[in-house]
Amino acid sequence: MRLIITTFVGIIFGFFLGVSFPTLSLTKVSLSSNIFPSVDLTYIEDKYSGLSTQALLNVWSALKGRRGISRKFNNTKIWVPTNPRGAERLPPGILVAESDLYTRRLWGLPGEDLIVKPRYLMTFTVGQDQKKNIDAAVKKLTENFQVLLFHYDGHTSEWDEFEWSKRAIHVSVIKQTKWWYAKRFLHPDIVAPYDYIFIWDEDLGVENFDPEEYIKLVKKHGLEISQPGLSPDSGMTWQMTRKRDDTEVHKDTEERPGWCTDPHVPPCAAFVEIMAPVFSRDAWRCVWHMIQNDLVHGWGLDFALRKCVEPAHEKIGVVDSQWIVHQTVPSLGNQGQAEQGRAPWEGVRERCRNEWTMFQDRMTAAEKAYFEAMGIDPPNSTAR
């Protein structure tokens with residue numbers, strides 16, 4: 001009797017299980033996609049006719065779907081090696097690799113912020129003692145110019161007396177030079193929107209200077225690096241930067257005997273001084289990379305500018321018909337420190353000379369290392 005009852009119960013249980021199994025939702029069974037790499041559904045149907053073909057298809061579709069989802073997930077990871085370093089995980093369409101110095105509103109639509117986009121950047125490194133000088137220079141500028149003041153004396157609010165100062169950009173770090181500022185705040189990707197970048201001292205008289213006319217002459221004569229001519233009463237070291245009366249622009253000169261080994265090299269050509277240089281966008285991208293972080297005075301840089309344009313003796317020049325006066329005010333020199341009985345400016349001047357030598361040595365060493373790595377006999381250094 002026990003055997004009969006057990007058999008009967010088993011038959012009944014099997015019957016109800018068989019009836020209910022085709023309606024079971026197998027698509028919700030969570031199985032790894034690696035369990036069934038390949039399945040012959042016809043064989044399974046013949047062997048297990050109690051299972052419907054549709055149920056098996058549902059299982060197989062679920063497994064294939066999970067495998068596809070896994071593959072798609074892996075493919076959605078972004079990696080673009082041509083993106084800027086550090087941004088490889090971003091889609092190229094969202095990248096903004098360059099910026100600007102345009103000031104913007106805190107309200108309204110971004111596209112309506114700028115009525116005029118300045119095309120030129122004028123920078124001065126200033127102290128408050130030269131406010132009137134800078135005011136006269138800025139009032140010469142048109143709306144095409146963005147003004148940026150680097151304050152080496154820490155005084156910024158004192159400039160609020162000028163209406164234009166409220167629209168200018170002010171950066172203040174005590175006792176720093178314009179080349180220190182330029183290296184840190186004028187990265188080529190920041191000033192990329194500007195066609196020309198003026199990096200000027202504060203002691204320049206501009207009574208005979210028209211900035212828009214200057215730009216026209218620079219473009220007319222194809223100058224990538226330039227400066228206005230200096231009036232004869234300016235304190236000058238080089239003949240190249242002296243203003244001429246018989247021409248709009250000059251690109252070479254005659255210096256003292258023995259100063260120029262080649263008429264196409266500084267200081268007889270391809271040369272401007274560092275007091276009032278003007279750089280095209282492309283030239284500045286090269287020059288910025290040449291500025292050394294620790295050599296803050298820029299001495300020696302004027303002799304190396306020619307490495308950034310080709311041919312340098314054609315693309316570097318002095319604009320004579322738009323000229324300035326160098327007043328030679330030693331304001332930044334007075335920011336030095338008196339030591340061992342020497343005046344503050346003496347220590348500053350000594351460092352300037354030392355930096356010139358250091359820059360020449362670095363350029364010579366860099367050129368030598370490059371040529372040796374290329375298997376070429378190094379020529380004579382062009383840094384001096």
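**Pockets and nonpolar cores in a predicted model**

The residues that line the second largest pocket divide into eleven nonpolar, three polar and five charged, where Ala, Val, Leu, Ile, Met, Phe, Trp, Tyr, Cys and Pro count as nonpolar, Asp, Glu, Lys and Arg as charged, and the others, Gly among them, as polar. The model is predicted, so that local features need pLDDT of at least 70 and side-chain atom pairs count only at pLDDT 80 or more, while totals for chains, interfaces and linings use all residues. Residues are numbered from 1 along each chain as its sequence is written, and side-chain values use heavy atoms, with hydrogens and water left out.

**The second largest pocket**

- This pocket holds about 510 Å³ of space; on a 1 Å grid over the protein atoms alone, a pocket is an open set of points where a 1.4 Å probe fits, with protein on both sides within 12 Å along at least five of seven lines, and lining residues have an atom within 4 Å of a point.
- A volume is the space filled by probe spheres set on the points, which are joined across faces, edges and corners.
- Of the 19 lining residues, Pro118, Glu143, Phe145, Gln146 and Arg167 lie nearest the centre, and strand S2 (residues 145–151) gives the most to the lining, with three residues.

**The largest pocket**

- The largest pocket has a volume of about 1,000 Å³, and among its 32 lining residues the closest to its centre are Asp201, Ile274, Trp299, His326 and Arg349.
- Two or more lining residues come from each of H5, helix H8 (301–304) and helix H10 (344–373), and the largest share, five residues, comes from H10; helices (H or I, at least four residues) and strands (E, at least two) are DSSP runs, numbered from the N terminus.
- By class, this lining has 15 nonpolar, ten polar and seven charged residues.

**Helix H5 and the cores**

- Helix H5 (residues 178–185) is mostly covered, with six of its eight residues buried, that is, under 20% relative accessible area with a 1.4 Å probe and protein chains only; the buried ones are Lys178, Trp179, Trp180, Tyr181, Ala182 and Lys183.
- In the largest nonpolar core, which has 43 residues, Trp179, Leu186, Ile225 and Trp284 touch the most other members; such a core is a set of buried Ala, Val, Leu, Ile, Met, Phe, Trp, Tyr and Cys residues joined through side-chain atoms within 4.5 Å.
- Helix H7 (281–290) gives the most to this core, with five residues.
- Apart from this core lies another, of 33 residues, including Val138, Leu223, Ala276 and Val278.

Terms used. Buried means under 20% relative accessible area, exposed over 50%, partly exposed in between (1.4 Å probe, protein chains only).
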